[in-house]
Amino acid sequence: MADHRRKWNREEYEEKAKKRRKGEDATSEGEDEEFLGEPLKARDFRVDLESKVGKSSIVAKTTHQSQTGGYFCDVCDCTVKDSLNYLDHMNSKKHQQNLGMGMDPERSTLETVKKRFEFFKNNKGQKRPKQPLVEYKLKSRLKQQVAGNVATSEKERIRDKQKDKKKKLSR
Ligand SMILES: [Zn+2]
């Protein structure tokens, strides 16, 4: 029976890899390897994606780019059109480099791991504050609703009156 498994010539590929590594050493001008900033760190803040949802704003010719809608990155001075791309941008190499970080993650040491454990130990009992339960009482809600309706119908009545006046005046 023939063996259908692919067989790799280890020596051949070892040789190729060595050559490739040497070649990279010789031409390490590629921007990929060039940048050596601080090690990559985790974000310690929440990326704001929702605060402008459902809001509208006026965009004029002189409006600064950061106010023209979409997601503006003040580090890179660029605007991204949607939240998905914005998040991608925040995690992108370009953005990290503009922040002064390389793409190599920080290596954990025994010390940092210990600190992390300590942190969780200290925060064990503290759970996230729950949102206060809003109690809905039918009667008070109904009252509010009715009051609201009365108010709007009152407004409508006044508006209609004013319209009538205008009509009369324009005759
Ligand atoms: Zn950026």
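**Entry 1: helix H5.** I started with burial in helix H5. Of its 13 residues, the number buried is 0, so H5 lies largely in the open. A residue needs 20 or more other C-beta atoms within 10 Å of its own to count as buried. I then checked the length of H5, which covers residues 110–122. At 1.5 Å a residue, the helix should span 18 Å, and its end C-alpha atoms are 18 Å apart, so the two values agree.

**Entry 2: the whole chain.** I noted that this is a predicted model. I looked up how much of the protein chain is buried: 1% of the 171 residues count as such. I found 6 helices and 4 strands in the chain. Along the sequence they follow the pattern α-α-β-β-β-α-α-β-α-α. I also looked at contacts with a separation of 6 or more; residues 24 or more positions apart account for 50% of them.

**Entry 3: confidence.** The average pLDDT of the protein chain is 80, and 82% of the residues score at least 70. Which elements have the lowest and the highest mean pLDDT? Helix H2 (residues 31–34) has the lowest, 52, and helix H3 (residues 83–90) has the highest, 92. I wrote myself a reminder that where pLDDT is low, the predicted coordinates should not be read in detail.

**Entry 4: the annotated domain.** I looked up the UniProt record, an unreviewed entry, and it places the feature "domain: U1-type" at residues 68–102. In the model, the end C-alpha atoms of this span lie 30 Å apart. The span is 40% helix and 23% strand.

**Entry 5: Asp 77.** I found Asp 77 in the loop between strand E2 (71–73) and strand E3 (78–80). Its phi is positive, about 60°, although Asp 77 is not a glycine. Is Asp 77 buried or exposed? I found 10 C-beta neighbours inside 10 Å, so Asp 77 counts as exposed; the cut-off for exposed is 12 or fewer.

**Entry 6: Lys 93.** I located Lys 93 in helix H4, which covers residues 93–98. Lys 93 has 14 C-beta neighbours inside 10 Å and therefore counts as partly exposed. How far apart in space are Lys 93 and Met 103? From C-alpha to C-alpha I read 6.6 Å, while in sequence Lys 93 and Met 103 are 10 residues apart.

How values were computed:
Residues numbered from 1 in each chain as written. Predicted model: local features only at pLDDT ≥ 70, side-chain atom pairs only at ≥ 80, totals over all residues. UniProt positions renumbered as here; feature names shortened; annotations may be inferred. Helix = DSSP H or I, 4+ residues; strand = E, 2+ residues; numbered from the N terminus. Expected span 1.5 Å × (residues − 1). Contact = placed C-beta atoms within 7 Å. pLDDT = per-residue confidence, 0-100.
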